[in-house]
Amino acid sequence: MANKITSKELMAQKKDFVIIDVREIDELESGIIEDSIHMPLGLCVRNIKKKQIEDMKDKKICTYCGTGYRGNIAADELNKEGFYAVTLDGGYSNWM
């Protein structure tokens with residue numbers, strides 16, 4: 001499991017992170033975290049495996065989904081490939 005960050009911690013440190021939203025397109029209607037990058041989980045994992053997001057390797061990354069499950073998977077995959085990634089505890093539902 002990836003390390004988690006609370007919504008309060010992320011709000012305070014938001015400028016230090018690249019934030020990746022791994023939800024599906026239809027889930028974005030409920031809102032997004034401002035300045036986040038939309039990259040659904042399947043695409044995120046493919047981008048990691050195909051080394052298409054290597055330019056983010058020197059950045060701190062926070063992933064999130066609706067409730068935390070997919071965000072954790074994404075952060076875990078990033079960490080396995082040498083990225084520094086955490087996931088938003090509880091996902092977007094805790095951000096609001």
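## Salt bridges

Glu-81 is partly exposed, with a relative accessible area of 24%, where buried means under 20% relative accessible area, exposed over 50% and partly exposed in between (1.4 Å probe, protein chains only). The side chain of Glu-81 meets that of Lys-51 in a salt bridge at 3.3 Å, N to O, the term denoting a side-chain nitrogen of Lys or Arg within 4 Å of a carboxyl oxygen of Asp or Glu. Because Lys-51 lies in the loop between helix 2 and strand 4, and Glu-81 in the loop between helix 3 and strand 5 (84–88), the pair ties together parts that are 30 residues apart in sequence. Helices (H or I, at least four residues) and strands (E, at least two) are DSSP runs, numbered from the N terminus. Lys-51 is itself partly exposed, at 47% relative accessibility.

By this rule the count comes to 8 salt bridges. Another joins Lys-57 and Glu-54 at 3.3 Å, N to O, and these residues are partly exposed at 31% and 30% respectively. Salt bridges with shared partners also link Lys-49, Lys-51, Glu-77, Lys-80 and Glu-81 into one network. Asp-21 and Arg-23 form a salt bridge with their closest N and O atoms 2.7 Å apart; here Asp-21 is buried at 0% relative accessibility, and Arg-23 is buried at 2%.

## Basis of the values

This is a predicted model, in which local features need pLDDT of at least 70 and side-chain atom pairs count only at pLDDT 80 or more, while totals for chains, interfaces and linings use all residues. Residues are numbered from 1 along each chain as its sequence is written, and side-chain values use heavy atoms, with hydrogens and water left out.

## Nonpolar cores

A nonpolar core is a set of buried Ala, Val, Leu, Ile, Met, Phe, Trp, Tyr and Cys residues joined through side-chain atoms within 4.5 Å. The largest has 17 residues, of which Ile-20, Val-22, Ile-53, Met-56, Ile-61 and Leu-78 touch the most other members. Strand 2 (17–21), helix 2 (41–49) and helix 3 (69–80) each supply at least two residues of this core. A second, separate core of 11 residues includes Ile-19, Ile-33, Tyr-64 and Tyr-92.

Met-56 lies in the loop between helix 2 and strand 4 (60–64) and is buried, with a relative accessible area of 11%. Leaving aside neighbours within four places in sequence, Met-56 is in contact (heavy atoms within 4.5 Å) with Val-18, Ile-20, Ile-37, Met-39, Ile-61 and Phe-83.
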